[in-house]
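Me: I'd like to go through the helix packing in this one with you, a pair at a time. Can you take a look?
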Amino acid sequence: MTADAVAVSVAAIIFLGTLVRSALGFGEALVAVPLMALVIPVEEAAPVAVLVSIAVAAMILLQDWRKVHFRSAGRLLVSTLFGIPAGLALLRFAPQPVVKAVLAVVIIAFSLHALASSRQQSLSDDRWAWLFGFQAGIL
């Protein structure tokens, strides 16, 4: 695949991921990373998806900062920062097929759970924020 074809493919995938996030409020990386991993190495796909996601999140935050629950967001942010080194270590040292398989299992499990659940899930408090943030940092 030529460099131009790769660039067009990555741009189209980023557009699709951002479209999913715009429509659903989440899922940008869940769509973008696996698709980008088909055309570029996962070591490059994950950081590209993160950078795009940060840019989109920053734009949303600038618009809706009054609606942010800063205490919960702080817990998520701090615990995510502790999970990022573990995720980077996995990207650096784990074989790419293993990383892709783990990512596939996570996506499939979440999708099946969401499809099988008949009621909308919600958290009554933020005591699980540490765990969710840490997992988000790894992913």
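Reply: What follows is a walk through some helix pairs and a few residues of this predicted model.

Me: OK, start with H1 and H2: how do their axes cross?
Reply: The axes of helix H1, residues 3–24, and helix H2, residues 28–36, come within 7 Å and cross at roughly 160°. The two helices are therefore roughly antiparallel to each other, and their crossing is right-handed.

Me: Which residues meet there?
Reply: From H1 the contact takes in Val10, Ile13, Ile14, Leu16, Gly17, Thr18, Val20 and Arg21, and these meet Glu28, Val31, Ala32, Leu35 and Met36 in H2. Divided by class, the residues of the H1 and H2 contact are nine nonpolar, two polar and two charged.

Me: Let's look at Glu28, then. Buried or exposed?
Reply: Glu28, which is found in helix H2, is buried, because its relative accessible area is 5% and the cut-off for buried is under 20%.

Me: What do the side chains of Thr18 and Arg21 do with it?
Reply: The side chain of Glu28 is joined to that of Thr18 by a polar contact of 3.3 Å, and a polar contact of 2.9 Å joins the side chains of Glu28 and Arg21.

Me: And what else is Glu28 in contact with, leaving aside its neighbours within four places in sequence?
Reply: With those neighbours left aside, Glu28 is in contact with Gly17, Thr18, Arg21, Val52, Ser53 and Val56.

Me: Now the partner, Arg21: where is it, and is it buried or exposed?
Reply: Arg21 is found in helix H1, and with a relative accessible area of 16% this residue is buried. Leaving aside neighbours within four places in sequence, Arg21 is in contact with Phe26, Glu28, Ser53, Val56, Ala57 and Ile60.

Me: Moving on, how do H2 and H3 cross?
Reply: The axes of H2 and helix H3, which covers residues 42–64, come within 9 Å and cross at roughly 150°. H2 and H3 are therefore roughly antiparallel to each other, and H2 passes H3 in a right-handed crossing. On the H2 side the contact is made by Glu28, Ala32, Val33 and Met36, and on the H3 side by Val42, Ala45, Ala46, Val48, Ala49, Val52, Ser53 and Val56.

Me: How many nonpolar, polar and charged residues is that?
Reply: The contact of H2 with H3 has 10 nonpolar residues, one polar and one charged.

Me: What about Ala29 and Val48, how far apart are they in space?
Reply: Ala29 and Val48 are 9.5 Å apart in space, C-alpha to C-alpha, with a separation of 19 residues in sequence. Ala29 itself lies in helix H2 and is partly exposed, with a relative accessible area of 37%.

Me: Last topic, H4 and H6. At what angle do they pack?
Reply: Helix H4, residues 70–93, and helix H6, residues 129–138, pack at an angle of about 35°, and their axes are 6 Å apart. The crossing of H4 and H6 is right-handed.

Me: Who makes that contact, and how do the residues divide by class?
Reply: H4 contributes Arg75, Leu76, Val78, Ser79, Thr80, Phe82, Gly83, Ile84, Ala86, Gly87 and Leu90, while H6 contributes Ala129, Trp130, Phe132, Gly133, Phe134, Ala136, Gly137 and Ile138. The residues of the contact of H4 with H6 divide into 12 nonpolar, six polar and one charged.

Notes. Residues are numbered from 1 along each chain as its sequence is written. This is a predicted model: local features need pLDDT of at least 70, side-chain atom pairs count only at pLDDT 80 or more; totals for chains, interfaces and linings use all residues. Side-chain values use heavy atoms; hydrogens and water are left out. Axes are lines fitted to C-alpha atoms, for helices over the stretch in contact, and angles run from 0 to 180 degrees between N-to-C directions. Helices (H or I, at least four residues) and strands (E, at least two) are DSSP runs, numbered from the N terminus. Angles under 35 degrees count as roughly parallel, over 145 as roughly antiparallel, 65 to 115 as roughly perpendicular and the rest as oblique. A crossing is left-handed if the near helix is turned anticlockwise from the far one by less than a right angle, and right-handed if clockwise. Contact means heavy atoms within 4.5 Å. Ala, Val, Leu, Ile, Met, Phe, Trp, Tyr, Cys and Pro count as nonpolar, Asp, Glu, Lys and Arg as charged, and the others, Gly among them, as polar. Buried means under 20% relative accessible area, exposed over 50%, partly exposed in between (1.4 Å probe, protein chains only). A polar contact is a pair of N or O atoms within 3.5 Å; within protein, one must be able to donate a hydrogen and the other to accept it, and residues adjacent in sequence count only if both atoms are side-chain atoms.
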